[in-house]
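Hello,

Here is the structure I promised you. Please open it and follow along with the notes below.

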Amino acid sequence: MFLYIGLHTTISIAQSDETPAYRYKIDYNIPESPAFAVLDANPTTVLRASTPQEVIAHLASDFLSGNDISPGLALDFNPYFTFGGRLESISDYRKNYWKRVLANLQVSAATINSQAFPDDLLFSGGIRAVLFDAKDMLYDTQLAEDIDEALLPSEDQEPTPFQDNEQGTIVENTKLVTAYNNAKARYRKTAGGSLAIGYAIAGRAKNNSFQTDSIVTYRHQAWLAGQYDLGRSQLSLNGMLMYRYDQIIENTDENGWISGLSLRRYGEKLILSAELYHDSISESINFGGYAEAYLLPNITVFVAIKNETNPITGAEETLIKPGIKWNLSQTKK
């Protein structure tokens, strides 16, 4: 989830501030990768509907019951800001729905080695749009006021120093750190819902060859995900409905629905969740547990334990899925 303030913000006295635009982010509750989702490489099946960060790298592995390892890498980014998009003001963001959708658009690409296709390289791409998010930090007026107080001087103070370089990095500011810690605490304890849609496609490069006749697509999926955070209990209820078209076994088409619910508990440094979902293609009901820890700046460590049905063999498997999310977006210092 990110907050982007433009040249002429309309909040408080900052509307006369002519300094370059800076990005402010709350590195918390980062959604899953759409490209990993279509490869079944995400630690969870039930996807979140929260707003994304600007650039995130996902590193993940599957440790199957037979101790085989399937490593993977995904990169998610926001094309609007990555390719030079800007917001004139916070008011512009709030009033212009389509610009808000673009600001929260997530494009994703991934690759993974899979034990299901040991001689092939799997790759995928996806896109995800947040239709609305009641807990979007750009609507947090208290955060905006705290940022003003942290960055703008009082009458008897010198201006708060900042580093004006190409990266737009803000130097260390204790008031700013406090502002974001308080915003993160409000996020965990505020009620509100969000809704997101996505689409992804997966393919295989046979024998790791990217020649035209060696590349085939084998899966398409589209989904709708929603969540509602209950507030002071710091609990979140998440739901997802996904349509999937599969051709994992050549010349055999299968399609169906994957639907599920998850319950998430927000902590200051730890997010815990449990999920239950139904796959109509394999006619199975599966479950899993998940933990996500915020231990280092820009780094989120996660691990999941899941019961899944192998799409090739139909066998039930217990998987451990560890990995990290690395926030490559510009962050405050």
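Asp246 and Arg219 form a salt bridge, and their closest N and O atoms are 2.7 Å apart. A salt bridge here means a side-chain nitrogen of Lys or Arg within 4 Å of a carboxyl oxygen of Asp or Glu. Asp246 sits in strand β9 (residues 235–246) and Arg219 in strand β8 (residues 215–230), so this pair ties together parts that are 27 residues apart in sequence. Strands (E, at least two residues) and helices (H or I, at least four) are DSSP runs, numbered from the N terminus. Both Asp246 and Arg219 are buried. Buried means under 20% relative accessible area, exposed means over 50%, and partly exposed is in between (1.4 Å probe, protein chains only).

A note on the source: this is a predicted model, where local features need pLDDT of at least 70, side-chain atom pairs count only at pLDDT 80 or more, and totals for chains, interfaces and linings use all residues. Residues are numbered from 1 along each chain as its sequence is written, and side-chain values use heavy atoms, with hydrogens and water left out.

How many salt bridges does a search of the whole structure find? It finds eleven. In one of them, Glu292 meets Lys325 at 3.2 Å, N to O. This pair links distant parts of the chain: Glu292 is in strand β12 (residues 284–296) and Lys325 is in strand β14, 33 residues apart. Glu292 and Lys325 are buried. Another salt bridge joins Lys321 to Glu308, with the closest N and O atoms 3.6 Å apart. Lys321 lies in strand β14 and Glu308 in strand β13 (residues 299–309), so the pair ties together parts 13 residues apart in sequence. Lys321 is buried, with a relative accessible area of 1%. Glu308 is buried as well, at 14%. Salt bridges with shared partners also join Glu32, Arg48, Glu292 and Lys325 into one network.

Now the nonpolar core. The term means a set of buried Ala, Val, Leu, Ile, Met, Phe, Trp, Tyr and Cys residues joined through side-chain atoms within 4.5 Å. The largest one has 30 residues, and Leu39, Trp223 and Met240 touch the most other members. Elements that give two or more residues to this core include α1 (34–38), β8 and β9. The most come from α1, with four residues. Apart from this core lies another, of 14 residues, among them Ala150, Ala179, Tyr187 and Ile271.

Best wishes
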